Amino acid sequence: MPTVTLIPGDGIGPEVSRATRKVVDALGCGIDWEVHDAGIPAIETHADPLPPHVLDSIRRNKVALKGPVTTPVGSGFRSINVALRQELDLFASVRPCRLYPGVPSHFEAVDIVVVRENTEDLYEGIEFEQGSDRLKKLRGYLKYEHNFVIASDAGVSVKPISISATNSIVEFAFKYAKQYHRRKVTLGHKANIMRYSDGLWLKTGEKLAEQYREVGFEALQVDELAMWLAWNPHDMDVLVLPNLYGDIISDLCAGLVGGLGLAPGMNLGKECAVFEPTHGSAPDIAGKGLANPIAMILSAVFMLRHLGLDDDGHRLEKAVATVLAEGKVRPPDMHPHGHPATTDQVATAIIESL
Ligand code: NAD
């Protein structure tokens with residue numbers, strides 16, 4: 001039976017992870033969980049939000065199910081999520097946004113998959129703090145060598161986009177589209193403004209698209225893409241985006257299909273895969289039993305399929321769809337004014353529908 005690294009995370013992470021584990025265990029597929037802390041509990045016990053043994057466990061098991069973790073601001077710790085993706089070379093973030101019957105939405109039958117580049121762009125962490133000596137040197141170099149002027153009270157983040165990373169993610173998007181019989185791939189960019197980063201992304205993507213003529217292809221400026229998603233999301237299918245746009249657009253797409261509480265996700269590399277909801281640690285509702293566990297439970301559905309446990313994945317997705325369609329048990333984010341179910345009650349209803 002497969003062993004999976006389980007990272008409960010922090011904030012609402014432990015609550016939604018507990019609910020997800022309960023539901024997956026109820027399937028009887030015999031997953032062996034290796035539980036490790038990351039985020040705030042790991043800072044408390046190991047003085048490190050991402051201790052090396054957590055990475056070792058994922059490298060050994062190849063598959064992890066992860067709850068959200070808080071990104072510490074101004075604490076000296078780096079983003080655990082970005083570090084995890086970079087350390088394990090999880091270059092592809094895949095966020096399926098499917099509208100299940102019974103879920104309140106402004107639209108019908110939305111079914112979009114956001115494929116986000118996960119390793120570079122403004123998330124690569126090349127940053128220069130306002131007022132620092134490093135930034136003073138950079139400003140001097142740019143002024144004297146290239147006549148670019150950066151204001152003395154500015155901070156700077158660098159946006160690298162490479163041909164190799166673009167090829168990997170766009171190829172991934174086309175292969176995904178082919179495998180799952182999707183109509184088209186839409187590539188989002190802002191090449192008119194960032195000619196050498198987004199411009200390279202666009203040129204590389206267009207070139208690669210020529211090898212996949214059987215799949216439809218279009219390139220749209222990301223602002224126009226956002227407008228189309230809000231206007232007519234039915235026209236969109238697989239989206240491929242650089243890191244930052246992918247982050248923003250995937251939350252937009254989550255909003256089209258019922259919100260963050262229903263949006264699953266996965267981070268895939270050549271060796272390892274980490275399944276996690278799109279949402280964060282939601283400190284505003286943590287510890288209150290108010291978190292919707294469905295985003296993480298749906299992430300587990302994709303994990304089961306990745307492990308080759310297709311029947312279990314199908315059973316679990318069907319049970320989630322049944323609970324959503326019946327509408328008798330609804331988490332607070334879907335039912336803010338009625339008598340919403342707690343995180344555990346949602347899990348129990350799903351187990352009863354298996
Ligand atoms: P968030 O996703 O945590 O919360 C945004 C809003 O959505 C909040 O109102 C929250 O209550 C609500 N929400 C989120 N998930 C929900 C759920 N399952 N059920 C019901 N409501 C839910 O975003 P944020 O507040 O910007 O981020 C909080 C922290 O999480 C930050 O430190 C951020 O960096 C981190 N984060 C982590 C991940 C990850 O671990 N993969 C992803 C995104 C954000």
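**Exercise 1.** How many residue pairs are in polar contact across the interface of domain 2 and domain 3?

*Solution.* Start with the ground rules: this is a predicted model, where local features need pLDDT of at least 70, side-chain atom pairs count only at pLDDT 80 or more, and totals for chains, interfaces and linings use all residues. Residues are numbered from 1 along each chain as its sequence is written, and side-chain values use heavy atoms, with hydrogens and water left out.

Step 1: find the parts. An automatic or database domain assignment places domain 2 at 106-120 + 160-256 and domain 3 at 122-158.

Step 2: apply the rule. A polar contact is a pair of N or O atoms within 3.5 Å; within protein, one must be able to donate a hydrogen and the other to accept it, and residues adjacent in sequence count only if both atoms are side-chain atoms. The rule finds two residue pairs, both at pLDDT 80 or more.

**Exercise 2.** Work out how much area domain 2 and domain 3 bury between them.

*Solution.* Buried area is the accessible area (1.4 Å probe) that two parts lose on being put together, summed over both. Here that comes to about 540 Å², with 58% on carbon and sulfur atoms. On the domain 2 side, E120, P160 and L244 supply 71% of the area buried against domain 3.
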